[in-house]
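Please read this briefing alongside the sequence and the coordinates.

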Amino acid sequence: MTGAYFMLTIQQVPCAFEGRVVMGPKACCPPSESNEAASLAEPLPSGNPDEWNPSLQNRAVLSCPGLHTVVGKWTKTSPRFARARPKSGVETKRVDLSKIESKSGAKALMPGVAKSGPFSKLMAGGRIFWHWAVRRSEVLPYPPVEISIEPTNRCNFACQFCPQSSPSHFDQIPASAIQPDGVEVLLGKIRNSGVKSDLLHWTLDGEPFMNKRFHENLAVARDFGFSKHHFATNGMLLTLDRLSRLPSEGMSYVKTPDFCSDEAYFEQVRGTPGSWKTVRDNLIAAIEDPSLAHIQFKITDISSYRFNDPQDLDRRFDELQSIFPKSDRVSFHRRVFHNASGKLDSRLSSKEGYRVCPYPWYTFFIAHNGDVVACCRDLEHQSVLGNLFEQELMEIWNGEKYQAMRRDLAGKRPECQSACDGCDMPYDAAKFSLRNFVKTALHRMLILSR
Ligand SMILES: C[S@@+](CC[C@H](N)C(=O)[O-])C[C@H]1O[C@@H](n2cnc3c(N)ncnc32)[C@H](O)[C@@H]1O
Ligand code: SF4
Ligand code: SF4
């Protein structure tokens, strides 16, 4: 590797710092000798560059000191070309890899992936809180923290509590699924924006396992350094065969299947006769299979959609737990239903006590067609904030539409955003309780450090 030359091309990207457009680190950071060193200190794959995974060869996410992130491309080049004048509008640097200390281990797999500890997660949470609750910032100096990709909007169920079951559901967004090459494009852009997390959510509309190439999508994500994957599934297609196809080495999964002990109620509410036993048997087989130790299940009781007597709900919750074998890979939870951006009746008795929904300050939901939508409730793309196949992530995240959504929510004008108009989230006091914040923060820290 000694003497190999790489050209580092800094692309023109919106600076994460107050929306300024920058050309490389020096434009947004105070000039200092450490700028270049900081760029080069990012971990590079070890070994012969020709043998790097092709999807990694041309990407590098560089952080300059402080919060700022710029996007660069590592491109192998000849010494002759490296000496040539760079094209105007593009800053170039020559990098002699022999002078860079190669790093081994997980980080070396993907430049820019960082395994952060509880302290840095707490700091990241504090930063979100500052920009959401205190400053009400419209432009954010950090990329999104929680990223979701929708594997498909197709579903094999017709749950009464989900907009999927509406006959007009596909009128606006035709049914389709994302393919591995599409996932590669999206994840390349996500990494280029400075996202360093190793956790990815696969959720929005549809049933993930209705995407026949879901396991291939996950393999692409692994190449990009995403080793933790969270998604909900209705469990109907959760066979041992499908589960064994998910990449396992170095990967962990948290799946959230909705279930309940009442067979008749389940099949009625989920609109799918004959499904209860299949889901139950699939889950039990997966829990008992020792080769699936990398998969955790958060089985979630949906009894509260119809029943509301607390004692009855407690009894149903106990019954649900008794169905499954005891395992440290299984935990039990209760679903709290929302009104799906106004598509369903709200369980809240009144729309009082408006609070600013925090989602636009940290989440980023990408539909299978690249549309970036308001949040996990926006299944019908009522508020499209951009398209990640057509734009860069930071261009969307700090773009006019995202800024307008943050401005409207902070200004108590949710009706100005199609997705938020009618959504009961801002009036759901339980979501904004201190207890819920602490629970969410602890949950996030534990999950992310797992
Ligand atoms: C839209 S589904 C997609 C994944 C998969 N089809 C499933 O049902 O698990 C994602 C999650 O949204 C939840 N969900 C759907 N409608 C809801 C509602 N009205 N209130 C709360 N959660 C809801 C489901 O329970 C599921 O956990
Ligand atoms: S909740 Fe999931 S399983 Fe039910 S209709 Fe919606 S997408 Fe399908
Ligand atoms: S107000 Fe509702 S629809 Fe809007 S971002 Fe928040 S949860 Fe989503």
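In what follows, Ala, Val, Leu, Ile, Met, Phe, Trp, Tyr, Cys and Pro count as nonpolar, Asp, Glu, Lys and Arg as charged, and the others, Gly among them, as polar. On that scheme, the shell around ligand 1 has 7 nonpolar, 5 polar and 4 charged residues. The model is predicted, with local features needing pLDDT of at least 70 and side-chain atom pairs counting only at pLDDT 80 or more, while totals for chains, interfaces and linings use all residues. Residues are numbered from 1 along each chain as its sequence is written, and chains are lettered from A and ligands numbered from 1 in the order in which they are written.

**Ligand surroundings**

- A residue is near a ligand if its C-beta atom, placed from the backbone, lies within 6 Å of it; of the 16 residues around ligand 1, those that come nearest are Phe161, Cys162, Glu207, Ala232 and Phe337.
- Two or more residues of that shell are given by each of the elements β9 (228-233) and β10 (252-259), strands being DSSP runs of E with at least two residues and helices runs of H or I with at least four, numbered from the N terminus.
- Around ligand 2 the residues include Cys155, Cys159, Cys162, Asp205, Glu207 and Asn234, and by class this shell has 5 nonpolar, 4 polar and 2 charged residues.

**Valine 279**

- Valine 279, found in helix α12 (residues 275-288), counts as buried because it has 23 C-beta neighbours inside 10 Å, where 20 or more means buried, 12 or fewer exposed, and anything in between partly exposed, with C-beta atoms placed from the backbone.
- Although 42 residues separate valine 279 from leucine 237 in sequence, their C-alpha atoms are 8.0 Å apart in space.
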